[in-house]
Amino acid sequence: MATLRPFDKMPMLNAAALLLVGTEESHREQLASAMLKEPKTFEVKIHMAQSLPLPYEREHLRPRFDMVVFLINLHSQFSLSTVLASLTHLDVNFFLGKVCFVAIGGGQVKHCMVDIATVKKLADTHLSTLLFSEFDSEDDVTCTARRLLQMVQICAGLVPGISALYLGSFMNSTLQTDQF
Amino acid sequence: MEQKQPRRSQHRESMRNQDANIQQMEEALLFLKNVKGKVILKENHTLINHIFAVENFGLKHGIPPDAINVLLNLVLSGNLADSLNARLLKCLIPASEVTQSSIIQAVSLFCAGKCSANTQIMFLRWLITVFDYITCKDILSSFYNFFFCFLNYDNLCPYLCHLLYLLTKKDHVRPFRVRKLMELQNKKGLQPHLLGLLSIYKIFCPELVSLTLPSRFKSYFKSSHFLWRMELREIAKRNAGNPAGDCRIILGEKEQILSHSRKRKWNSNPLPPVHSSIWGKGPVLADNLVSNEQTFPIERLQTFPQLLDNIHRLELPAQMGSVLKSPLLLHYVNCIKDDTPFLRLNYWLAFTLHEECAWYKGNKRSKEEIEAFLETVANMQQFLQEGLYSTEGFLYKSLPHWNGSHQSHILDLISWIPMSPSSEMEELLYKPLAQLFISSSVYFKCSILESLKALLHNWLVWHSVSVERIHTQSTNMNGTMSGLLTSVKDLIHFIGRLSTLGLQIHNSNLLLHFVLDIYELVSDMYVKFSLPLVVLPPPGVFYPALLSTDCVNLNQLCYIMYRYRTNLVTAKTNERQIKAQMHLNIHSHTFQEFNKYLTAMVGCLWTSQAFHQDTHPQGIHLETHLLESSGVSTYKKAFNIVYHPALIGYSVHFYHQVFSKDKLFRLQSIKGRLWNKYLDFLYSQGLNGLKLFIESSVNRLASNSQQQEPCDLLLSKS
């Protein structure tokens, strides 16, 4: 029942590891396969879990996670509460740009059980990126996968000179009017 | 022969039957015509027999126009019992058409209220059903107000709404009617039929109806309003002898478009073809309308002269969507002073974009359809040279959900967003776009920057047009001017930040090329667009471009710096000459910054002093001991146009041209007179930006002296 830490293992060469957390298995698999299908210059390892904490067994087999992606199905309250519970098992250092929330199904307002504003607030309080995605459209999943790959590449330190923390602070400062 | 016999007799039989039917019908009509005063149904066998005859005939052959007249009069006079009235109306299927006089009589009887409410309802349903067989709808539409007054009667209301829905033309939409409908709506709650009527009002005059209509209403009117459909169609077919001449097509189409299923509308055709209005399409009516002098049928509008000749007689189609693809109509919408067509177009577009193109809504539209439509909209805006607020609203709603699908089309739309205050733009455009920019590939980043450049360009063009207007009208618009300046400035700063980040992440010459493309536009704002604003590129753009390994980018940077210089010098001289004509917003900080950049650039290209002279806090200044530790012994002379990474290819090429192969390869020997020859060589290779820059910013005291000193622009605001 240990918390997940970003820096307690050695990184792999030219590879990034990603953890997908979410209650909907189909969503996780859809996203993971879309990410694996994309052409990329580095190796990506995707692990999936329904919720955190991860079981203690097999801990030694897991890579160092460069990024944790929480999938929130907006059509289910359970999905949100699971994510909320899981967040507590994550080390603080992850929130320096290595966490991303993906809200799924926000377009069909009729079926939404979770308010979009709630998710926005969640992402804001955790200083993390929030993506919206529709998983019933193949195109959108592919586009989301592409975005996540770009992000994980930076989180894994594969882009020289840029770190996840830098991106986060850039996002926050981008809307201030003073020039760089 | 034996087989033919029975058939012939059968035929004769049926003919005889028909004759008998006609005779019975005639007798019945004669009888019914003479009915005056109340008739009792009980035990009145003659009456019942005659009614039977009419029913028989009506359902088989349809009722001829004059008979319709008689029967309607009878029914609405209230002389018969309700049940008989209903039976008569139910069989009152017009054989060919319904004449004007019968409508006038019937409606006046209806208004007189002699018959019971049930009969009135039946009559309305009958009107709705035979709507397309009424020859002169203008007559019916002149009764509009009468029908409207009856809306107060609860039981008539749904049917009246349906009828009015079919009748409404643009002239009918008046504030008092809207008020009345809203009042009814408030009293009775959300009634589909009232919403239906309001929706068509809103389509015609969106500015009058402030109510937001529920976006997905399946159908406003019940199909049970129709008395008969199949029978009518059958009889129309039989009488016309031509199955294709189905008059109901007209009604069917209107429903399809407006009330019934929005899905079907899309599937059939997102952009309806141009029709002057639903009125002009009926086969019975076509001739009538063409001869009508008041409106010019839009279908016949083919050429620009035609548009000019008939501009006062055009009535826009009920479906604004058809305007999108017609340049002539767009001209018309654009130039007439009346705002309503524009409002209608915007309303329709906002609705359609939201309903059909919001891909994230889970609409099962095919990608091609959406993209084709978005492309049409983008082309339309390109044609109008203006972004519509409906597309703007659509973009703002969908940008947070945008992950890059329909990439080029959405970016096209973004480049036409109208200018608005920065605070709004930040929240609605910059924030989602920046998020997307961070997590996108280098090619996507290039497209985003390209679209932002187009956006800036459009803003600048709008500004220059409005400046002309200010000059001609000599109105004081200082307030809007300053708002505009901040908007433009913020956009440029936003672009600057995105570019800085993009170049940090990707270090790509392609991306740099796109970035410099933007700054080529930015550098010329003062001279080209007379915008009193000069914004320099951030160091995150300037230095990568200066030290770029690609000579195209370096050349472009030189050109940009040359344009900045021209702009600043012009601004300075203008400021001296015409005081306070246009308040100059260029801060002295800008001049200082420009001079710093210039020093760095001249140091880099000419004097080899870049690492010493650069005074910019984020520049490339290096301490002497660091330079010494690099191991380059002649570091004081080792970074100029000869050694610059982007130009070293040229210098080597030049060296081989000038010196024979067996001479020891020493680039240092390019100096003195050779330096000038080398410069000419560079210019001959098409590096015009470099030429312009060096000729303008480097003051060469003597053409053959070895050491030339740069001449900084001594421009600083006191």
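Analyst: Contact, as used here, means that heavy atoms lie within 4.5 Å of each other. The model is predicted, so local features require pLDDT of at least 70 and side-chain atom pairs pLDDT 80 or more, whereas totals for chains, interfaces and linings use all residues. Residues are numbered from 1 along each chain as its sequence is written, chains are lettered from A and ligands numbered from 1 in the order in which they are written, and side-chain values use heavy atoms, without hydrogens and water.

User: Which residues are in contact with B:Val488, leaving aside its neighbours within four places in sequence?
Analyst: Beyond those neighbours, B:Val488 touches B:Met419, B:Leu456, B:Trp459, B:Leu460, B:Met525, B:Leu531 and B:Leu533.

User: What makes the set around B:Val488 a nonpolar core?
Analyst: A nonpolar core is a set of buried Ala, Val, Leu, Ile, Met, Phe, Trp, Tyr and Cys residues joined through side-chain atoms within 4.5 Å. Buried means under 20% relative accessible area, exposed over 50%, and partly exposed in between, with a 1.4 Å probe and protein chains only. The largest such core has 131 residues, and B:Val488 is among those with the most contacts inside it, together with B:Trp402, B:Ile414, B:Leu429, B:Ile641 and B:Tyr678. At least three of its residues come from each of domain 2 (286–518) and domain 3 (602–697) of chain B, the bounds being taken from an automatic or database domain assignment. A second, separate core has 82 residues, including B:Val98 and B:Leu151.

User: Why are β2 and β5 of chain A called edge strands?
Analyst: Strands are DSSP runs of E with at least two residues, and helices runs of H or I with at least four, numbered from the N terminus. Two strands pair if DSSP finds at least two bridges between them. The open sheet has 5 strands in the order β2-β1-β3-β4-β5 (chain A), with parallel pairing. β2 (43–49) and β5 (129–133) of chain A each pair on one side only, and are therefore its edge strands.

User: Why is the link between A:Arg5 and A:Asp91 called a salt bridge?
Analyst: The term requires a side-chain nitrogen of Lys or Arg within 4 Å of a carboxyl oxygen of Asp or Glu. The closest N and O atoms of A:Arg5 and A:Asp91 are 2.9 Å apart, so the pair qualifies. These residues are 86 residues apart, A:Arg5 in the segment before β1 and A:Asp91 in the loop between α2 (77–87) and β4 of chain A.

User: What do B:Arg563 and B:Asp524 form?
Analyst: Their side chains meet in a salt bridge at 2.8 Å, N to O. B:Arg563 lies in helix α28 (residues 551–577) of chain B and B:Asp524 in the loop between α25 and α26 (525–529) of chain B, so the pair ties together parts 39 residues apart in sequence. Both B:Arg563 and B:Asp524 are buried.
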